[in-house]
Amino acid sequence: MILQFEKVRHQLGDNHFYYDFQMNSSITGIFGPSGAGKTTLFNLLSGLDTPQKGKIRLNFESLVDIEQNLIKQVKKRNIGYIFQENHLFPHLTVKRNLLFSKPYIKHKEKYVSFNELVHLLDIESILYKKPRQLSGGERQRVAIGRALLSQPRLLLLDEPFSNVDCSKRKQIISYLLRINNHFKVPMIIISHHLEDILKLTHKIVVIENGCSVVSGNILNIIKNDEKPELIRSKKFQNTFKVNFDSYNKIENSYTVTFNQDIVLRISNHSRLLNKFISKGTKIQLSLRPVDISLNLENNVGTSIQNQLKGTINQIIKNKEGVFCIIDCGFELLVEISQGIISKLYLHEGQEIYCQIKANDIDVVHVFDQSEIQESKIKQAKIPEPINN
Amino acid sequence: MLSSEEISVIILTLKAALVSTFITLPIAIWLGWMLAKKNFLGKLIIEGLINIPLVAPPIVTGYLLLIVLGKNGIIGRFIHELFEINLAFNFTAVVIASIIVSLPLAVRNIKSSFELIDPNYERASNSLGASRISTFFRIYVPMALPGIISGAVLAFARSLGEFGATISFAGNIAGKTQTIALNVYSNMQIPGKEPVVTRLVIISIIISLVAIIFSEYFNKKKNYLVR
């Protein structure tokens with residue numbers, strides 16, 4: 001999906017907005033503080049609001065071109081919008097909410113089927129309940145399902161994690177990856193929780209004071225020092241995809257591989273993993289920079305199970321701290337203390353070992369192999385690797 | 001037991017109230033929605049005009065109806081000349097008087113119901129492909145349904161008790177325009193008719209009480225549905 005906002009200007013009362021960026025990603029994150037203008041961006045993209053100036057294009061098709069007096073109608077844009085408060089229709093059951101768009105999609109190409117979706121989102125048991133009888137997580141899943149059944153070519157999710165607790169957030173992230181992988185529907189996700197966005201994608205647009213200030217891969221943004229505060233160690237998540245290899249009964253841990261030659265061990269604390277997962281299944285993992293330590297040598301006498309050999313690509317010092325970008329086959333952001341650089345004589349290009357406890361690796365999602373094989377999308381949109 | 005004359009008065013009253021409610025309801029739904037959700041020039045004036053019968057003495061409303069819709073009225077004259085239809089002093093006049101006095105009650109109730117509905121439901125509906133008309137019938141009307149029912153019941157109850165506008169615009173013609181209220185008024189002035197008055201008063205109270213209980217029940221459901 002290629003999304004272009006070209007010098008888009010909009011005014012709401014005394015608030016001025018300006019968006020100018022281009023994104024090309026299967027999942028894009030929109031990050032910024034509350035009130036920065038993230039939802040306004042969605043309203044302009046979906047057609048609920050019209051800007052005063054500029055152009056908006058989706059896959060090179062003009063949705064808005066003020067100079068040419070072109071403003072595409074909401075229903076002709078074919079964009080699914082999941083509002084922050086869900087806005088499930090309270091007088092309808094879950095099933096009737098899901099099927100709300102049915103009369104309006106007669107002439108559309110259908111790539112999401114009702115039964116398939118209900119199964120993927122695990123909402124079979126709540127189909128005949130009313131929205132007020134659902135939990136926050138269930139409501140979010142139904143809202144996602146309702147938008148998807150309108151067969152959109154793009155899905156907008158406004159703060160999908162705002163009304164759910166931490167454990168449900170993880171669940172929703174997993175469902176979103178499942179949906180994205182299965183239906184190949186591109187998504188744009190708004191959140192002011194950077195850690196949640198980064199578990200889904202590293203392609204982000206940062207919105208501040210009503211303006212798009214920077215966009216692209218977060219590691220590139222950090223490398224170029226375009227937005228130093230994005231590096232906050234506790235908010236940052238290294239995310240990477242690996243392949244399931246085996247279950248080690250004695251150590252009660254799982255072995256996964258990256259590019260076949262890099263082996264990682266993950267502890268058995270994630271409910272997403274089990275010993276019945278078939279070898280080769282794709283798994284998305286995340287890891288905080290603060291949970292990685294550096295060692296000059298491969299230390300065999302340690303309880304830390306993962307030691308990845310890598311090269312220091314860049315050392316970044318800013319007011320948020322000291323960070324290294326290490327290339328271990330995939331790039332990892334590592335936080336270190338100020339004194340370590342001089343103590344270990346760290347420099348760019350140096351070979352180093354990244355030590356990671358098996359317990360610190362978080363399993364974000366396990367991609368079902370059938371999901372990968374049974375992709376039924378007719379629009380050829382292949383998600384890009386997260387760390388590109 | 002009720003006499004045949006009393007039964008025919010009750011039937012005429014219920015018939016007039018039902019017909020006027022059925023005519024009032026779609027108008028009140030449309031006006032309630034417009035006033036709650038749309039901003040347009042002259043909104044306050046229209047709202048004021050609708051609400052006049054609420055505050056003006058009913059007899060004044062009846063007199064105005066006579067001036068406008070009577071046989072020699074501003075509009076009534078043309079209707080009479082073009083279609084040979086007389087709108088005053090017949091059953092149609094009873095219905096028209098009921099509509100005019102019950103409309104503000106229905107509109108106020110229905111409008112407050114529409115106001116409670118978060119406009120983002122409309123946005124959600126539009127984003128799913130629904131047109132404005134479709135959104136009105138699939139989202140607004142069902143979500144405002146308790147308020148609509150409550151408004152309809154109130155309009156019905158108001159029609160049952162209508163007196164001032166009816167007597168001045170439709171007259172007090174037995175078997176033709178005489179409703180329960182008018183019959184009670186006539187019989188109160190005739191000595192020995194107290195039992196008839198008592199029976200009709202009791203029936204009026206029962207019908208009104210049931211209507212109000214019904215209306216309150218649906219009024220309480222307003223918030224419950226829009227959550």
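Two residues are in contact if their C-beta atoms, placed from the backbone, lie within 7 Å. With that rule in hand, we can look at where the parts of this predicted model touch.

Start with the two chains. On the chain B side, 15 residues are in contact with 18 residues of chain A. Three helices of chain B each give two or more residues to the side that touches chain A: helix H6 (120–127), helix H7 (132–143) and helix H11 (194–226). H6(B) supplies the largest share, six residues. Sorted by class, the residues on the side of chain B that touches chain A are nine nonpolar, four polar and two charged.

Now turn to chain A on its own. The domain assignment divides chain A into domain 1 (2–223) and domain 2 (238–372). Taken over C-alpha atoms, the centres of domain 1 of chain A and domain 2 of chain A are separated by 31 Å. The two domains also touch: twelve residues of domain 1 of chain A are in contact with 14 residues of domain 2 of chain A.

Which elements of chain A give two or more residues to the side of domain 1 that touches domain 2? They are helix H6 (166–183), helix H7 (194–200) and helix H8 (218–223) of chain A. H6(A) gives the most to this side of domain 1, with six residues. By class, the side of domain 1 of chain A that touches domain 2 of chain A holds five nonpolar, four polar and three charged residues.

Terms used: Residues are numbered from 1 along each chain as its sequence is written. Chains are lettered from A and ligands numbered from 1 in the order in which they are written. This is a predicted model: local features need pLDDT of at least 70, side-chain atom pairs count only at pLDDT 80 or more; totals for chains, interfaces and linings use all residues. Domain bounds come from an automatic or database domain assignment. Helices (H or I, at least four residues) and strands (E, at least two) are DSSP runs, numbered from the N terminus. Ala, Val, Leu, Ile, Met, Phe, Trp, Tyr, Cys and Pro count as nonpolar, Asp, Glu, Lys and Arg as charged, and the others, Gly among them, as polar.
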